[in-house]
Structure formats: structure tokens, C-alpha cells
Amino acid sequence: MTVIDLGAKSCVPCRMMAPILSELKVEYAGKADVVFIDVWENPDQSEAYGIRVIPTQIFYDKSGAEVYRHEGFMDKDSIRRMLDVLLKG
């Protein structure tokens, strides 16, 4: 399981998500990967992931298939619920 958050360190909603992602990275260590990609520092990633808005969260199942995409700020409980569904999956 993987969740990738695509945003930028200087974007306000992205900065609001940074501590949430840090906490989830620890909470799901060994169960799911929590990854942040700064699309302003890595502009090629915007196109590679088809990003229209930042932040965008993309969830992948065990096989690496995209199963859910969310645009905008996503709270910790919502991310946790999605990861838990994927882990049961």
C-alpha cells in the first residue's frame, strides 16, 4: 500500500498536511508507504502523475494499481480510513 501526496513545501494546504503525513508515516511503518513529492522542485512529476491541483493524494493497492485520488487538503482520519480499507483489501 502506498499513498503519495503531491504538493509543494510553500503551498499553505500542503504545509498543513506535512505533520499529518509525518505522523502517518510513523503509524503505518512496515504496513504502508507514505510519500511526499514536491512538484515545484520536481516539475516533471506533475505531468507524470497527471496533477491538476495541489495537494493531490493518490492511493495505490498492493499491486501498485491506483485505487483512489483526492485533490485538495485531506485530513488525517480520511487518509487513515483509506489506508485501513486498502490494508484489509
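1. Glu23, written E23 here, is partly exposed, at 40% relative accessibility; partly exposed lies between buried (under 20% relative accessible area) and exposed (over 50%), with a 1.4 Å probe and protein chains only. The model is predicted, so local features need pLDDT of at least 70 and side-chain atom pairs count only at pLDDT 80 or more, while totals for chains, interfaces and linings use all residues. Residues are numbered from 1 along each chain as its sequence is written, and side-chain values use heavy atoms, with hydrogens and water left out.

2. E23 forms a salt bridge with K76, at 2.6 Å from N to O; a salt bridge is a side-chain nitrogen of Lys or Arg within 4 Å of a carboxyl oxygen of Asp or Glu. The two residues stand 53 residues apart in the chain, E23 in helix α1 and K76 in helix α3. Helices are DSSP runs (H or I) of at least four residues, numbered from the N terminus. K76 is also partly exposed, with a relative accessible area of 21%.

3. The relative accessible area is 23% for R80 and 33% for E27.

4. The helices themselves deserve a comment. The axes of α1 (residues 12–27) and α3 (residues 76–88) come within 10 Å and cross at roughly 35°; axes are lines fitted to C-alpha atoms over the stretch in contact, and angles run from 0 to 180 degrees between N-to-C directions. Contact, meaning heavy atoms within 4.5 Å, is made by M17, I20, L21, E23, L24 and E27 of α1 and by K76, I79 and R80 of α3. These residues comprise five nonpolar, no polar and four charged.

5. The whole structure has six salt bridges. One of them joins E66 to R69, at 2.9 Å from N to O. Both partners are partly exposed, E66 with 39% relative accessible area and R69 with 31%. Salt bridges with shared partners also connect E27, D77 and R80 into one network.

6. There is one disulfide, a disulfide being a pair of cysteine sulfur atoms within 2.5 Å. It joins C11 to C14, with 2.4 Å from S to S. The link of C11 and C14 is right-handed, with 75° about the S-S bond. C11 is buried at 8% relative accessible area, and C14 is buried at 3%.

Key. Ala, Val, Leu, Ile, Met, Phe, Trp, Tyr, Cys and Pro count as nonpolar, Asp, Glu, Lys and Arg as charged, and the others, Gly among them, as polar.
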